[in-house]
Amino acid sequence: MAKEKSEIRTINLSEELGIEAIFGKRIRNTFQRHIHATYLFGLVEKGTRDITCGGCTESVSEQESFVLQPAQVHTCTCSADHCYSILSIKPEFVEALAVQLFGIGHPPPFFPYVCCRDKLLSKQLQAIFTLIKKQGMSDHALASIQRYISTLLQHQPPIPHKTTQQDESVIDSTCEFLQKNHAQKLPLSSLAEHACLSPFHLQRLFTKRMGISPNDYLQAHRVAEARQRLRMNIPLSELALSLGFYDQSHFTRTFRKVMGVSPGSYRKTNSN
């Protein structure tokens, strides 16, 4: 019997609201320290996912859900048969729901627990994914997503996310510079010159604030860009160079490290 291949399928549910669904099948991988720009509300459909953040590891088992917030540094290790469904949602959407519940001036939601073992909440999330698979985004699906997040906010009260004000503007500027110039070769010395800091000082400040190095941040952003462009009919070798990778091999290694599948496999699964 042929071994079933790993695959990741994404559905852009709403560009305006910043809501995307991600479905992974048989994703066996160890994802090194990384962050996301969005809230992730996930459900383990099969297998297990071990998530480590803040020095603690939580094992999320079959039919259990998990929550990760924007810029939360974490690693993931998945079992061989791991299958999952994830809602990726921009912070503005979740923050607006928090304002409705708790009032204006409430800090951005930061959920203190990664794994949610509440069976009713997991079933509620499962129902959303079933609905999305059948009909994509609809008024019913949007209302279900809003209801789920609102329930989660009340079930697991968010706490303020602690941030440091020290050199925040410098790091924000560096992140913006990396995003705008991701197609260029960006050694640490160039970033340091842009930030008017020594390379050592910038590396230390960036890693302290973001939890990952400038280079890791850059590679993750390149992969995010690649996910969008892989839907276009651009040769992988050309795409690799346009994104700032050294060559197609470098692109493939980095993409697989971040996503758990190769660019070619991702393109095949998500082609229209």
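**Loops, sheet and helix packing in a predicted model**

Arg26 sits in the loop between strand 2 and strand 3 (30-34); strands (E, at least two residues) and helices (H or I, at least four) are DSSP runs, numbered from the N terminus. The structure is a predicted model, in which local features need pLDDT of at least 70, side-chain atom pairs count only at pLDDT 80 or more, and totals for chains, interfaces and linings use all residues. Residues are numbered from 1 along each chain as its sequence is written, and side-chain values use heavy atoms, with hydrogens and water left out.

Most residues other than glycine have a negative phi. Arg26, however, has a positive phi, near 55°. Gln63 is another non-glycine residue with a positive phi, near 70°, and is found in the loop between strand 6 and strand 7 (65-68).

Turning to the strands, 6 of them form an open sheet in the order 1-2-9-4-7-10, with antiparallel pairing; two strands pair if DSSP finds at least two bridges between them. Strand 1 (7-14) and strand 10 (115-116) are the edge strands, each pairing on one side only. Within the sheet, strand 2 (residues 19-25) and strand 9 (residues 83-89) run antiparallel and are joined by 6 bridges. Here Ala21 stands opposite Leu87 of strand 9.

A hairpin is formed by strand 5 and strand 6, with 2 residues between them. Strand 5 (residues 49-53) pairs with strand 6 (residues 56-60) in the antiparallel sense over 5 bridges, and Arg49 has Val60 in strand 6 as its bridge partner. In the turn, Gly54 has a positive phi of about 60°.

Next come the helices. Helix 1 (residues 91-102) packs with helix 3 (residues 139-155) at an angle of about 60°, their axes being 10 Å apart. Axes are lines fitted to C-alpha atoms, for helices over the stretch in contact, and angles run from 0 to 180 degrees between N-to-C directions. Helix 1 is therefore oblique to helix 3, since angles under 35 degrees count as roughly parallel, over 145 as roughly antiparallel, 65 to 115 as roughly perpendicular and the rest as oblique. The contact (heavy atoms within 4.5 Å) includes Phe93, Val94 and Leu97 of helix 1 and Leu142, Ile145 and Gln146 of helix 3. By class, this contact has 10 nonpolar, 3 polar and no charged residues, where Ala, Val, Leu, Ile, Met, Phe, Trp, Tyr, Cys and Pro count as nonpolar, Asp, Glu, Lys and Arg as charged, and the others, Gly among them, as polar.
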